[in-house]
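Please open the structure in your viewer and keep the selection tool at hand. The tour below goes from stop to stop, saying at each one what to select and what is there.

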Amino acid sequence: MFELLDDNAKRVILLATKEAEALGDDHIRPEHLLLGILSAQKTPALAELIRSIGLRVDRARLDITPIDPNPGTPAGILPFDDDAKHALRQAQRAALSLTHTHIVPEHLLLGVLGTAANDRVRAAVEPHLSVTEFRLRVDQILRDAD
């Protein structure tokens, strides 16, 4: 699946890894992917959507950070937890359903928003827009890009 990621999506994964490491987490989780998406270079349409709803990486980081973080770098390569793996599979499905040949950050965002049962993702997103509405808007961006 990683061979399907475009360069921007690969950058999101790298940034998500750094976010997890900064928090001392032993796995990459959906909330780290969200922070990676918010930190990475975005298409103009996605950047405008994120700006228009007021979702900022610095604020999302505060909403996502546990009350008692364990900063430090875990040893070795961080694996994805089950929810993050699910988000990646959802991203792949989104790309395939739109007959896209590569996974882009918008697909990753759809995957992350599909794990909205994740309390940290919900805490970062829902003060700005419902997860369902956010998914619909991101999906529309992808459809309009075709």
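Throughout this tour, a residue is called buried when its relative accessible area is under 20%, exposed when it is over 50%, and partly exposed in between, with a 1.4 Å probe and protein chains only. Begin with D25, which at 11% relative accessibility counts as buried and which sits in the loop between α1 and α2; helices here are DSSP runs (H or I, at least four residues), as strands are (E, at least two), numbered from the N terminus. From D25 you can look across to D139, which is 114 residues away in sequence and 30 Å away in space, C-alpha to C-alpha.

Before going further, note that this is a predicted model, in which local features need pLDDT of at least 70 and side-chain atom pairs count only at pLDDT 80 or more, while totals for chains, interfaces and linings use all residues. Residues are numbered from 1 along each chain as its sequence is written, and side-chain values use heavy atoms, with hydrogens and water left out.

**Helix α1**

Select α1 next, residues 7-23. Its 17 residues should span 24 Å at 1.5 Å a residue, and its end C-alpha atoms are 25 Å apart, which agrees; the expected span is 1.5 Å times one less than the number of residues. At the start of the helix, a side-chain oxygen of D6 comes within 3.1 Å of the backbone nitrogen of N8, and after the helix comes G24, with a positive phi near 75°.

Now colour the buried residues of α1, which are A9, V12, I13, L15, A16, T17, E19, A20 and L23. What covers them includes α2 (30-39), α4, α5 and α6 (105-113).

Among these buried residues, pick A16, which has 0% relative accessibility. Leaving aside neighbours within four places in sequence, A16 is in contact (heavy atoms within 4.5 Å) with I28, H32, L33 and G36. The C-alpha atoms of A16 and G36 are separated by 4.5 Å, although the two residues are 20 places apart along the chain.

Stay in α1 and select T17, where a polar atom of the side chain lies 2.9 Å from the backbone oxygen of I13. Not counting residues up to four places away in sequence, T17 touches I28 and L78.

**The aromatic pair**

Which two residues form an aromatic pair, and how are their rings arranged? Rings of Phe, Tyr and Trp (its six-membered ring) pair if their centres lie within 6.5 Å, and planes under 30 degrees apart count as stacked, over 60 as edge-to-face and the rest as tilted. By this rule the count comes to one aromatic pair, and that pair is F2 with F80, stacked at 5.8 Å centre to centre and with 25° between the planes. Because F2 lies in the segment before α1 and F80 in the loop between α4 (57-64) and α5 (82-97), the pair ties together parts that are 78 residues apart in sequence. F2 is partly exposed, at 40% relative accessibility, whereas F80 is buried, with a relative accessible area of 15%.

**Helix α3 and beyond**

Move to I53 in helix α3, residues 44-53, which is buried with a relative accessible area of 12%. Apart from residues up to four places away in sequence, I53 touches H128, L129, F134 and R137.

In α6, select H107, a buried residue with a relative accessible area of 1%. Its side chain makes a polar contact with the side chain of H100, at 2.9 Å; such a contact is a pair of N or O atoms within 3.5 Å, where within protein one must be able to donate a hydrogen and the other to accept it, and residues adjacent in sequence count only if both atoms are side-chain atoms. Residues touched by H107, beyond four places in sequence, include A91, A94, L98 and L142.

In the loop between α5 and α6, select T99, which is exposed, with a relative accessible area of 68%. Most residues other than glycine have a negative phi, but phi of T99 is positive, near 55°.
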